[in-house]
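Please read it with the sequence and model open.

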Amino acid sequence: MTLSPSRLLAPLVVGLLGLALWALVVDVLGIGTFFLPGPGEVVTALGESWEPIRAAFWVTAVNSLWGLAVGAVLGVALAGVAATTRLFDGMLGPLVAILAVVPIVAIAPLLYTMLGTDQETPRRIIGGIAAFVPVFINTLRGLRQTTPLQRDLMRTYAAGPVQRFRTVTLPVAIPYTLTGLRLAGSLAVISALVAEYFGGVNNGLGSAIKNAATSNHARAFAYVGGAIVLGLLVFAITAALERLAHRAYGQHLDHRRKR
Amino acid sequence: MVAGVLGLALVVALWEGYKQFGPESGWVIGEARILPRATDLAMPHVWEMVTRLLEPETSASTSSPLWLVILQAALVSLGIACVGLLVGTVVGLALALAMDRFQVAEHGLLPWIVLSQTVPLIAFAPMVKSWGSNIAIGAWEWPAWMSVAVIASYLAFFPVAVGALRGLQSPTVEQRELFRTYDAGYWPTLRKVKLPAAVPYLLSSLRLAAAAAVVGTVVAEGSIAYLDGIGRKLIGYGGQASGDPAKAWAPIFGAAVLGLLAAGVVWLVGVALRRYRRGEAT
Amino acid sequence: MIDDGKATVTSDSPSTTPTSESGDEPATPAVSLAGVTKQFASKQGQVQALADIDLSVAPGEFVSLIGPSGCGKSTLMRLVADLETPSAGTVQVFGKTATRARKDQDYGIAFQQSGLLAWRTVADNIAVPLELHKVSRRRRQERVAELAALVGLEEFTGHYPDQLSGGMQQRVAIARALAEQPRLLLMDEPFGALDEMTRERLQTELSRLVRKTGAAVVFVTHSIPEAVFLSERVVVMSPRPGRITRIVPTGLGPDVVRDEVLRESERFYELVTEVREALHARPGAGS
């Protein structure tokens, strides 16, 4: 991706315009000030609640990362099994397809009952399932991408299954897995956060937003800011990893065409 | 197909197996409980969940069977999710068209569109509801379900915008240059090449968007306390789970059915557009 | 060729003046490039794709452009198509600017990839330019049937591109290029992705079609036998910067039958050798 001035300036301009519009609507025209605080108020609330926001940020971050890690590891592992065993693939396929379309957060209230309302585990489980789905699907696709040509070539070298895996299957699959990880990252964060909404200790960003949403909107928005930062951080890291993997192993994959 | 049923049976077997052999207080590491308590209260038997569905919802004499109540709630939520999906698709498509037409728009908007998905929608639910309740045109007042639909559309528009953009940019160089040699303007090229080529990409984003719309609907319903939908029931029955554990599972099945039905709607759209799906990669 | 007293083309001179087949004044050339230069900006700085090109193509004349990668042959064709604009010099098509000619739909074009739309049948693909230019449905159907018959695909009009071989797809592309009876055809290695036997078959067919329609052709190719087989003149180019090294007239006008006999003839082999030598020669090494 080339770094043209337009690519850097345009989003900045749009962002500044949005900010100006926000300030205009709220501070100048005074529309809907109860539920939509002005940018100034949000910044003030940020300053006032800095410590609680930081603490809540860490709670949600840890939950998201646990979910992301476990979900990703499970996703890769099960995709590996599904790629080799036809039966397991047949069993797992429909289950994952159902998981992909069903709202996972629906089990949140129940998980708190099953595991205890003082637990962080329900949030991690929900984040984990949310992360598992894209990692599994993308890894499975990646493991199936070796072409017949490559398989034939390995056969002529009398390469054993482990060698075949290391030389061809794994390098081909890595870019796909990391794409899945990028998709999983943001999902894990949002899911873990929304899971806080349905119960559990009031210690994370999600529960703080819920509590502040009806009373102090400026503070709610300040916590939303924390959520945005968390989401962006996770996105930035997973997207960077994906880019690295594509550069190292994914040269043959479709890159954006020129206009 | 058979393997799918086997998979489901495996899940049931794992559930019941854990109930039978699992520790009473679950698996606890330090302060954290990793696996649930194996009691009947925390983990009802699978057949208990099924039979509970057939029983009346409440102990009131006029109460309908639970499965019916859940089904009705799921259908209400389905309707709202579909509205959200439709609105989100229209908005996403409009954004994709603008970003395809003007590269400046793509540079300026796409980063913000990506960022919009990091904002948790629960922050906006009360806001949207309160704005909505202030809107009245003549005798018509903004109904609560529309607030839910707005939030669902907020989650749905992102995959559509990104996927449709990729689809609009998918025609080959030869195809685009061919149309330039025909001196075909922007609109004929859009109608005859870009939009048909975008269909497979649009469909795969619609699948994601439908799932997102369902999540948005369920969470927003809970947040706004929209009584007719399945979201509110999830929270409500979940809260009663200590008294009636199997009942709390009913809205979860309902939510699963909701997700599957929404996926079915997208499948139907895919069937309608199958003419443009030739050469779609599996 | 009729010698009308104007400068005639011999194998030694890289002359470019068109000769008309009848009458005294030269007919408006189908294509006329004068002093054409094209530069591209690339990561390595400015690339001189074409330097000072002068070339004329007479109406109904078949001209091939051949040369190694980077010699600018495709760029030259694209300048005629108004898909690129020259950095200097003029490009004229039938006496008009290239842009005007494109808007007037004076040419048909075919690329190496057929660019067929996957969701349209063969008939609907051929009909694309006709639809775009608002030809009535009845006239469209007639014309599509004519064109399908012209390229031998009458039985496949209801098929989809994914059901056709590469050669058949290119035939659809050629039918499409001929849809509006253009007086000029621009072709950028249209047979490059096909196997040799299909190539030879399509070359014969193309010659027949061109003879029938009387269109002028600018044909870009990598293949020496293909260039010699199809053309009246072979324009040999060389890279860095792109320029015309030599023009080899084949003496194979529209009246010469293109068939296997021609491919086996001694004159054919001599011409192939001549073109090959021109390709290996240093630019400016003359005859």
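## Chains and contacts

Chain A and chain C do not touch, and their nearest C-alpha atoms are 11 Å apart. Two residues are in contact if their C-beta atoms, placed from the backbone, lie within 7 Å. The model is predicted: local features need pLDDT of at least 70, side-chain atom pairs count only at pLDDT 80 or more, and totals for chains, interfaces and linings use all residues. Residues are numbered from 1 along each chain as its sequence is written, while chains are lettered from A and ligands numbered from 1 in the order in which they are written.

Two pairs of chains touch, and the most contacts are between chains A and B.

## The side of chain B that touches chain C

Chain B puts 18 residues into its contact with chain C, and chain C puts in 17 residues. On the chain B side, helix 7 (173–181) and helix 8 (186–224) each supply at least two residues. Helices (H or I, at least four residues) and strands (E, at least two) are DSSP runs, numbered from the N terminus. Helix 7 of chain B gives the most to this side, with six residues. By class, the side of chain B that touches chain C has seven nonpolar, four polar and seven charged residues. In this scheme Ala, Val, Leu, Ile, Met, Phe, Trp, Tyr, Cys and Pro count as nonpolar, Asp, Glu, Lys and Arg as charged, and the others, Gly among them, as polar.

## Chain B as a whole

Chain B has 10 helices and four strands. Along the sequence they follow the pattern α-β-β-α-α-α-α-β-β-α-α-α-α-α. Its C-alpha atoms fill a box of roughly 75 × 55 × 40 Å, taken along the principal axes.

Of the 282 residues of chain B, 47% count as buried. A residue is buried if 20 or more other C-beta atoms lie within 10 Å of its own, exposed if 12 or fewer, and partly exposed in between, with C-beta atoms placed from the backbone. Among contacts in chain B between residues at least 6 apart in sequence, 70% join residues at least 24 apart.

## Helices 3 and 4 of chain A

The axes of helix 3 (residues 50–84) and helix 4 (residues 86–101) of chain A come within 5 Å and cross at roughly 125°. Helix 3 of chain A is therefore oblique to helix 4 of chain A. Axes are lines fitted to C-alpha atoms, for helices over the stretch in contact, and angles run from 0 to 180 degrees between N-to-C directions. Angles under 35 degrees count as roughly parallel, over 145 as roughly antiparallel, 65 to 115 as roughly perpendicular and the rest as oblique.

From helix 3 of chain A, A:L78, A:V81 and A:A82 meet A:F88, A:D89 and A:L92 of helix 4 of chain A. The residues of this contact comprise five nonpolar, no polar and one charged.

## A:A245

A:A245 is found in helix 10 (residues 217–249) of chain A. It counts as buried because it has 20 C-beta neighbours inside 10 Å. Leaving aside neighbours within four places in sequence, A:A245 is in contact with A:I174, A:P175, A:L178 and A:G250. A:A245 and A:G231 are 14 residues apart in sequence and 21 Å apart in space, C-alpha to C-alpha.

## Helix 5 of chain C

The buried residues of helix 5 of chain C are C:R143, C:V144, C:L147 and C:A148. Seen down the helix axis, these residues fall within an arc of 135°, so they line one face of the helix. The arc is that of the directions from the helix axis to the C-beta atoms. The face turned away from the buried side carries the exposed residues C:R138, C:R139, C:E142 and C:A149.

Cover for the buried residues of helix 5 of chain C includes helix 3 (122–126), helix 4 (128–132) and helix 6 (166–177) of chain C. Just after helix 5 of chain C, C:G152 takes a positive phi of about 75°.

## Loops of chain C

C:F94 has a positive phi of about 55° although it is not a glycine. C:F94 lies in the loop between strand 4 (88–93) and strand 5 (96–97) of chain C. A cis peptide bond joins C:R240 and C:P241, with omega about -10°. C:P241 is in the loop between strand 9 (233–238) and strand 10 (243–249) of chain C.
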